[in-house]
Amino acid sequence: MEPTTAPTKPQFSPAAQAEIKRLLTHYPEDRSKSALLPILHIAQAEFGGWVSPEVQDLVAETLKIKPIEVYEVATFYTQYNLKPVGKHVLEICRTGPCMLRGSDELTAHLERITGAKVGGTSPDGTFTLKEVECLAACGFAPIVQVREKYYEQLDTPEAVDAMLSELKSLVHRPILPWEETGLPNSLKNY
């Protein structure tokens with residue numbers, strides 16, 4: 001019988017640890033839970049674009065709170081991915097104004113072109129499609145958010161194709177504020 005090794009417990013990179021430490025200085029010591037949302041964002045960026053239960057446990061340990069307190073938040077907000085995602089997560093607005101301007105057609109076109117269904121990832125791992133609530137850019141509908149960037153007026157196949165071409169051309173995802181000196185090893189070529 002071959003010996004088994006325990007899975008490696010996730011750990012934040014030194015750069016992420018420094019950013020978390022900096023964030024915590026904004027809150028009273030007994031209110032560190034207030035930093036939960038930004039720390040979940042850091043965790044999601046550090047660990048491949050999603051927060052596994054083990055990563056959520058790490059966040060709880062970091063903040064000295066119960067794991068259930070992290071699970072409640074991570075499962076409530078659609079901005080946190082609870083399963084592996086593609087290199088680019090396309091968040092498609094599905095509320096009234098975007099629907100009136102063609103978000104259903106946009107979604108169908110994205111599914112055809114990427115090979116991903118809403119809630120899933122393309123076969124090549126490049127795109128994950130996600131429907132989300134209002135992205136507050138109704139005057140530019142239909143829209144898709146990818147990380148911090150909005151792609152607006154995606155009401156023609158050409159506009160959608162241009163967005164996908166731009167995303168496919170990115171070698172790396174954007175550098176995050178705490179990564180000014182470069183990407184942690186876990187994120188190279190992510």
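Two residues are in contact here when heavy atoms lie within 4.5 Å of each other. Keep that in mind for every stop below. The model on screen is predicted.

**Stop 1: the whole chain**

Show the protein chain as a cartoon. It has seven helices and four strands. From the N terminus, the elements run α-α-α-α-β-α-α-β-β-β-α. The chain has 190 residues, and 43% of them count as buried. Now take the contacts between residues at least 6 apart in sequence: 58% of these join residues at least 24 apart.

**Stop 2: Val 144**

Select Val 144. This residue sits in strand E3, residues 144–146. Is Val 144 buried or exposed? Its relative accessible area is 0%, so Val 144 is buried. Next, show what touches Val 144, leaving aside its neighbours within four places in sequence. The contacts are Leu 90, Glu 91, Ile 92, Leu 106, Leu 110, Lys 149, Tyr 150, Tyr 151, Leu 154 and Met 163.

**Stop 3**

Step back to Pro 142. It lies in the loop between strand E2 (127–132) and E3. The peptide bond joining Ala 141 and Pro 142 is cis, with omega about -10 degrees. Ala 136 is also found in the loop between E2 and E3. Its phi is near 60 degrees, a positive value in a residue other than glycine. Ala 136 has a relative accessible area of 67%, so it is exposed.

**Stop 4: Thr 95**

Select Thr 95, in the loop between strand E1 (88–93) and helix H5 (96–100). At 16% relative accessibility, Thr 95 counts as buried, because the cut-off is under 20%. Which residues does Thr 95 contact, once neighbours within four places in sequence are left aside? They are Glu 133 and Cys 134.

**Stop 5: helices H1 and H2**

Move to H1 (residues 14–24) and H2 (residues 36–46). Their axes come within 10 Å and cross at roughly 175 degrees. The two helices are therefore roughly antiparallel to each other. Show side chains where they meet. H1 brings Ala 16, Glu 19, Ile 20, Leu 23 and Leu 24. H2 brings Pro 38, Ile 39, Ile 42 and Glu 46. By class, that contact has seven nonpolar, no polar and two charged residues.

**Stop 6: helix H3**

Now colour H3, residues 53–63. Its buried residues are Val 55, Gln 56, Leu 58, Val 59, Ala 60 and Leu 63. Which helices do they pack against? The partners are H1, H2 and helix H4 (67–76).

Lys 64 follows H3 and lies in the loop between H3 and H4. Phi of Lys 64 is near 60 degrees, positive in a residue other than glycine. At 76% relative accessibility, Lys 64 counts as exposed.

**Stop 7**

Finish at the second largest pocket, with a volume of about 150 Å³. Select its lining: Lys 21, Leu 24, Thr 25, Tyr 27, Pro 28, Glu 29, Ser 32, Thr 62, Leu 63 and Lys 64. H1 and H3 are the elements that give two or more residues to this lining. By class, the lining residues divide into four nonpolar, three polar and three charged. Leu 24 of H1 is in the contact with H2, Leu 63 is among the buried residues of H3, and Lys 64 has a positive phi.

Technical notes:
Residues are numbered from 1 along each chain as its sequence is written. This is a predicted model: local features need pLDDT of at least 70, side-chain atom pairs count only at pLDDT 80 or more; totals for chains, interfaces and linings use all residues. Side-chain values use heavy atoms; hydrogens and water are left out. Axes are lines fitted to C-alpha atoms, for helices over the stretch in contact, and angles run from 0 to 180 degrees between N-to-C directions. Angles under 35 degrees count as roughly parallel, over 145 as roughly antiparallel, 65 to 115 as roughly perpendicular and the rest as oblique. Ala, Val, Leu, Ile, Met, Phe, Trp, Tyr, Cys and Pro count as nonpolar, Asp, Glu, Lys and Arg as charged, and the others, Gly among them, as polar. On a 1 Å grid over the protein atoms alone, a cavity is a set of points where a 1.4 Å probe fits but cannot get out, and a pocket is an open set with protein on both sides within 12 Å along at least five of seven lines; lining residues have an atom within 4 Å of a point. Grid points are joined across faces, edges and corners, and a volume is the space filled by probe spheres set on the points. Buried means under 20% relative accessible area, exposed over 50%, partly exposed in between (1.4 Å probe, protein chains only).
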